[in-house]
Amino acid sequence: MSTKTYFHIAEISDWSSQRDGATYTPQAYTHEGFIHLSYEGQLVATASRYFLNRKDIVVLKIESAYLDGEVVD
C-alpha cells in the first residue's frame with residue numbers, strides 16, 4: 001500500500017495544546033465529525049478561501065501511514 005501525503009491547516013492554539021500527545025483532534029471535529037485534509041495542490045486555494053490574512057495558523061503535513069481513520073476523497 002502506498003503512502004499518500006495530506007495537509008491540514010490548524011490553528012496554532014489547537015496544535016500547540018496537543019502536539020505532545022499521541023493523537024491530534026481539532027476543536028471542529030467535535031461538531032463536524034471529521035478532519036479537513038487537503039492535497040498539496042489544494043492547499044493554497046483552501047488557505048485563501050478559509051484562512052485569508054490569518055496569522056494564527058500552521059500547516060501540518062500528514063503521511064497516510066500515520067492515520068487511524070478512513071480518508072474519504
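What follows is a short tour, from the overall fold to pairs of aromatic rings.

## Before we start

This is a predicted model, in which local features need pLDDT of at least 70 and side-chain atom pairs count only at pLDDT 80 or more, while totals for chains, interfaces and linings use all residues. Residues are numbered from 1 along each chain as its sequence is written, and side-chain values use heavy atoms, with hydrogens and water left out.

## The overall fold

The protein contains three helices and two strands. Both kinds of element are DSSP runs numbered from the N terminus: helices are H or I with at least four residues, and strands are E with at least two. Reading from the N terminus, the order is β-α-α-α-β.

How does the radius of gyration of the protein agree with that of a compact globule? With 73 residues, a compact globule would have a value near 11 Å, and the protein has 12 Å, which agrees. This radius is taken over C-alpha atoms, and the globule rule is 2.2 Å times the number of residues to the power 0.38. Along its principal axes, the C-alpha trace spans about 40 × 30 × 20 Å.

Of the 73 residues, 19% are buried. Here, buried means under 20% relative accessible area, exposed means over 50%, and partly exposed lies in between (1.4 Å probe, protein chains only).

## Aromatic pairs

A pair of aromatic rings is described by the distance of the centres and the angle of the planes. Rings of Phe, Tyr and Trp (its six-membered ring) pair if their centres lie within 6.5 Å; planes under 30 degrees apart count as stacked, over 60 as edge-to-face and the rest as tilted. By this rule, the protein has two aromatic pairs. One of them joins Tyr6 and Tyr39: the pair is tilted, with 5.5 Å centre to centre and 40° between the planes. This pair links distant parts of the chain, 33 residues apart: Tyr6 sits in strand S1 (residues 5–11), and Tyr39 in the loop between helix H2 (29–32) and helix H3 (43–50). Tyr6 is buried at 6% relative accessible area, whereas Tyr39 is partly exposed at 30%.

Trp15 and Tyr24 also pair: their ring centres are 5.7 Å apart and their planes stand at 70°, so this pair is edge-to-face. Trp15 is partly exposed, at 26% relative accessible area, while Tyr24, at 17%, counts as buried.
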